[in-house]
Amino acid sequence: MKGEIKALVAILVSSFGISALALYLLGISGFIPKFYALAMSDSINPCTFVIYTMLLIAISVREVSRRRLYVIGSAFILAVYLSYFLLGVGLLYLGQYIPLWLAGVFAVGFGIYTMVTGILKRSRVGDKAKIRRKIFSADATFIGSFLLGVIVSTTLLPCSAGSYLVYATIIAHGSRALAFFLLALYNLIFVLPLVVILLVLGSVSESKRFSQAMVRHSMELSIVAGLLLIGIGVWVLLGG
């Protein structure tokens, strides 16, 4: 339990600290609440923990060393980061043609969808059996784990498309250079929980236990993520 609390505190503190400092230095501190709500609604999404838990279970079955855990986990996280960043680049170009009010409506709708599916305990992950087979058949190497991360990233889209599209639409209406930086920062916060699980807990058994605990609380996480999205949607619609 102490390890789980430590990891949760580390996720929250590091997420807010990194984003707040970066946005403050850029002179856009007023964007911090909106950025934090969108990024956190994505990073605490239970779908990510479901996929990561499968990976950790596969690693534990193979009884890999701590060093190998870091190698496999880092490759997987890096692949998810790069895949989502490239997806975000595409969404940036799409977002510049989407009115902000429409992004607000979409945020509210997707927030409600996230909450309802969480309460009903409906999975928003793709074919779990297929994903599980890919994870357990992947090579326990950096390259194998990286390729796996690229492949399974597409299964997270039904979970994160709402937050990501709204965020891309908001930042697409500003400077292009700033938009790319904000996109990179957003994805850093998105994968940060996985980094914290890997580094703070430091063992397969502890990491797996924490991820499984997050999955067990998927309903609560979905409600929080949904409320954050709805709040952002209302904020955008009111011209905040």
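The exercises below work through a predicted model, each with a solution in steps.

Residues are numbered from 1 along each chain as its sequence is written. Local features need pLDDT of at least 70, side-chain atom pairs count only at pLDDT 80 or more, totals for chains, interfaces and linings use all residues, and side-chain values use heavy atoms, with hydrogens and water left out.

**Exercise 1. Describe the secondary structure and the burial of the protein.**

Step 1. Helices are DSSP runs of H or I with at least four residues, strands are runs of E with at least two, and both are numbered from the N terminus. The protein has 11 helices and 0 strands. Its pattern along the sequence is α-α-α-α-α-α-α-α-α-α-α.

Step 2. A residue is buried under 20% relative accessible area, exposed over 50% and partly exposed in between (1.4 Å probe, protein chains only). Of the 240 residues in the protein, 50% are buried.

Step 3. Contact means heavy atoms within 4.5 Å. Among contacts with a separation of 6 or more, 86% join residues 24 or more positions apart.

**Exercise 2. Find which residues touch the most other members of the largest nonpolar core.**

Step 1. A nonpolar core is a set of buried Ala, Val, Leu, Ile, Met, Phe, Trp, Tyr and Cys residues joined through side-chain atoms within 4.5 Å. The largest one has 68 residues, and Phe35 and Tyr52 touch the most other members.

Step 2. Helix α9, residues 176-201, gives the most to this core, with 13 residues.

**Exercise 3. State where Cys159 lies and how far its C-alpha atom is from that of Cys47.**

Step 1. Cys159 belongs to helix α8. Its relative accessible area is 3%, so Cys159 is buried.

Step 2. Cys159 and Cys47 are 112 residues apart along the chain, yet 6.5 Å separates their C-alpha atoms.

**Exercise 4. Describe the second largest cavity and the second largest pocket.**

Step 1. On a 1 Å grid over the protein atoms alone, a cavity is a set of points where a 1.4 Å probe fits but cannot get out; a pocket is an open set with protein on both sides within 12 Å along at least five of seven lines, and lining residues have an atom within 4 Å of a point. Grid points are joined across faces, edges and corners, and a volume is the space filled by probe spheres set on the points.

Step 2. There are 2 cavities of 30 Å³ or more.
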